[in-house]
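Please open the model in a viewer and keep the selection panel at hand.

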There are 2 protein chains.
Amino acid sequence: MNAQLLISNVLKHISLDDEEKKLFASLFTSKSLRSGEFLIHEGDVCKYESFVVIGCLKAYKEDAEGNEHVLDFLIEEWWADDLYSFLTQTPSKSSVRAIEDTKLLQISKDDLETLYQRVPKFERFFRLLFQKAYIAQREQINQMLSISAEERYIQFLKRKPYALERFPQKDIASYLGVTPQFFSSLKKKVGQLM
Amino acid sequence: MNAQLLISNVLKHISLDDEEKKLFASLFTSKSLRSGEFLIHEGDVCKYESFVVIGCLKAYKEDAEGNEHVLDFLIEEWWADDLYSFLTQTPSKSSVRAIEDTKLLQISKDDLETLYQRVPKFERFFRLLFQKAYIAQREQINQMLSISAEERYIQFLKRKPYALERFPQKDIASYLGVTPQFFSSLKKKVGQLM
DNA sequence: CGAAAATTTGACATGACTCAACTGGAGTGG
DNA sequence: CCACTCCAGTTGAGTCATGTCAAATTTTCG
């Protein structure tokens, strides 16, 4: 198992000595998913926190009519999984599914608690992750309230320039809250402007 | 200063002995706001975490054209303030302003750190708050993606039946992401259905 | 290659916005 | 206590953004 990407990600937020790095790496196990496979199904309790080493996934929720609503895209160096379900050990309200072949590193809730006790500064690291997720969401809400679908799409492209190549259009449409048809015309229009 | 409401709120999540209650209460100071006064201005660093004892406030953000976008309403037994700004001690991206005369209890960042060290289980309490805020936001995003303004309004009334009496209509409209005019017609239509 | 899924395109329908005018209540000053 | 002003809220006409439905086209993948 190669944990280098994971370690270097952690080092961006807190410092670690060799001992701590070794302990940290030893608590993770690796997992692979083929495109289309589930990391979590809605209703499952999320037992692991997962770090994306390579690949990409979407987090989404189904409404009463069975329509998918994409909440987020996860790529390399992001943490997948339903954070809320993981922390509270209650059933997840959303699903996470690979949209490319994906390799993950996973840590269980118990091992994470162990880690907190032995190296308390990891608590800070994971709290920072949570905070980032929180503020990113707040931005997302704010954008949805204040700007048009076209502007949202342009912002989205700025933040994730690789989006059109990596994510299916219908998932991007869902993430932005528009129909695939309307997204198609948006894309054409915006493409001509640039 | 009367901290009973605050203490009983904390006791819903963690247990405390008398000693701990006393310490906790001693770290808070009270603050009053008249209707219309600011708790935080956009751009300020949020120095205190505030618990609403009585009254209500709105958290909002202004866009480039100067339009308000209401992000949240805060009433009794809620925590006001920009959590992100408080935790990271960076300038707030939103403002919080009283819409009724309001009484708050406040704790500073330093005192909160002291509290964490002396009674570590408070760390859990505040982390739970954060998690709740996170999941509430995720619900909000999900609703915005999947349901119409009319349905959102009906859901909102279910969650906050007191809303029409306590909050100005234009603020509710902004919270739901519609114009005051359209909100007015929504209200009429939904009122007739019920 | 063939079938299924994703994307595009066009006609039409509707939800939500803009603008403008009107109503009614809450101060404020004379 | 009245007249005046100032907002918040309402109403209606016209418009634009986005959705729906249906069909054509392209891509994906077994």
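What rotation, with what shift along its axis, superposes chain A on chain B? A rotation of 180° with a shift of 0.1 Å along its axis does so, with an RMSD of 0.1 Å; the superposition is by least squares on the C-alpha atoms of residues with pLDDT of at least 70 in both copies. The two copies are therefore related as by a two-fold rotation axis.

This is a predicted model, in which local features need pLDDT of at least 70, side-chain atom pairs count only at pLDDT 80 or more, and totals for chains, interfaces and linings use all residues. Residues are numbered from 1 along each chain as its sequence is written, while chains are lettered from A and ligands numbered from 1 in the order in which they are written.

**Select chain A**

Chain A has nine helices and seven strands, where helices (H or I, at least four residues) and strands (E, at least two) are DSSP runs numbered from the N terminus. Its radius of gyration, taken over C-alpha atoms, is 18 Å, close to the 16 Å that the globule rule gives for 194 residues, so chain A is as compact as a globular protein of that length. That rule is 2.2 Å times the number of residues to the power 0.38. The C-alpha trace of chain A spans about 55 × 35 × 30 Å along its principal axes.

**Select the contact between chains A and B**

Chain A brings 21 residues to the contact and chain B brings 21 residues; two residues are in contact if their C-beta atoms, placed from the backbone, lie within 7 Å. On the chain A side, β5 (68-74), α3 (83-88) and α5 (121-146) each give two or more residues. Highlight α5(A), which gives the most, with 14 residues. The same surface serves both copies, since 100% of the contact residues of chain A recur in chain B.

**Select DNA strand D**

Display the 16 residues that surround DNA strand D; the closest are A149(A), V178(A), F182(A), Q169(B) and S184(B). A residue is near a strand if its C-beta atom, placed from the backbone, lies within 6 Å of it. Then colour α6 (149-159) and α9 (180-193) of chain A together with α8 (169-176) and α9 (180-193) of chain B, each of which supplies at least two residues of this surface. Finish at α9(B), which gives the most to the surface near DNA strand D, with six residues.
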